[in-house]
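Hi,

Here is the structure I promised to pass on. Have a look at it first, and then read my notes below.

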Amino acid sequence: MELERVTHDFEPIYNQDSRILMLGTMPSPKSREVGFYYGHPRNRFWKVVSDVCGENLPKTKEDKIAFALRNKIAVWDVLAGCEIKGAEDSSIRNPIPNDMNLILRHSDVRAVFTTGTKAAQLYKKYCYPSTGIAAVNLPSTSPANCRMNYEELYEAYAVIKKYL
């Protein structure tokens, strides 16, 4: 598989009440196909975050947006574009970061969380200098992260509750 130039085309999910910002790296091919964040059917993001918030799993794009806003969660990705092989974060070249201040200036975000190591590294290098907000790195919810079981993911993500 060769590097492909990918551009992020999803709008961020947030409003003025958002208290935490959850950042992935870049939408996977499956997420781009379905047109929404964490779109792979085996990605555990929506399940773990809804469980942490004590709610039922949102199914549709509209339900996920309503869930995130109701729970004061902003969702976006660190990158606006990059070259990448499939969903392999380790293959990312020529990253172009999103401007986090788009959300931070118009919300009540008190904490930033990244959903995976690569998102954390890219945020620290490209976004932290302008935001001044250090990100808490959470484990990836991707099906590729098979070394963490669901209970371990839940424990890690439970930290978001203290900011909501």
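A disulfide is a covalent bond between the sulfur atoms of two cysteines, and here a pair of cysteine sulfurs counts as one if they are within 2.5 Å. Keep in mind that this is a predicted model. With that cut-off, the structure holds zero disulfides. Take Cys82, which is in no disulfide: the nearest cysteine sulfur belongs to Cys127 and is 13 Å away. Seen from the other end, the sulfur of Cys127 has Cys82 as its closest cysteine partner, and because 13 Å lies between the two sulfurs, they are too far apart for a bond. Are these cysteines buried or exposed? Cys82 counts as buried because its relative accessibility is 0%, and Cys127 is buried too, with a relative accessible area of 1%.

Now for the sheet. Strands of a sheet pair through backbone hydrogen bonds, and they can do that in a parallel or an antiparallel way. You'll find an open sheet of three strands, in the order E1-E4-E5, with antiparallel pairing. Strand E1 (4–7) and strand E5 (88–97) are the edge strands, so each of them pairs on one side only. From one strand to the next, the twist averages 30°.

Zoom in on strand E4 (residues 79–85): four bridges link it to E5 in the antiparallel sense.

Strand E6 (residues 111–115) and strand E7 (residues 135–138) run parallel and are joined by four bridges. Thr115 has Leu138 in E7 as its bridge partner. To get from E6 to E7 the chain goes through H5, and this β-α-β crossover is right-handed.

Ser91 is buried, with a relative accessible area of 6%. A polar atom of the Ser91 side chain also lies 2.7 Å from the backbone oxygen of Glu88.

Cheers

Definitions and conventions: Residues are numbered from 1 along each chain as its sequence is written. This is a predicted model: local features need pLDDT of at least 70, side-chain atom pairs count only at pLDDT 80 or more; totals for chains, interfaces and linings use all residues. Side-chain values use heavy atoms; hydrogens and water are left out. Two strands pair if DSSP finds at least two bridges between them. Helices (H or I, at least four residues) and strands (E, at least two) are DSSP runs, numbered from the N terminus. Axes are lines fitted to C-alpha atoms, for helices over the stretch in contact, and angles run from 0 to 180 degrees between N-to-C directions. A crossover is right-handed if, with the strands pointing away from the viewer, the path from the first strand over the helix to the second runs clockwise. Buried means under 20% relative accessible area, exposed over 50%, partly exposed in between (1.4 Å probe, protein chains only). A polar contact is a pair of N or O atoms within 3.5 Å; within protein, one must be able to donate a hydrogen and the other to accept it, and residues adjacent in sequence count only if both atoms are side-chain atoms.
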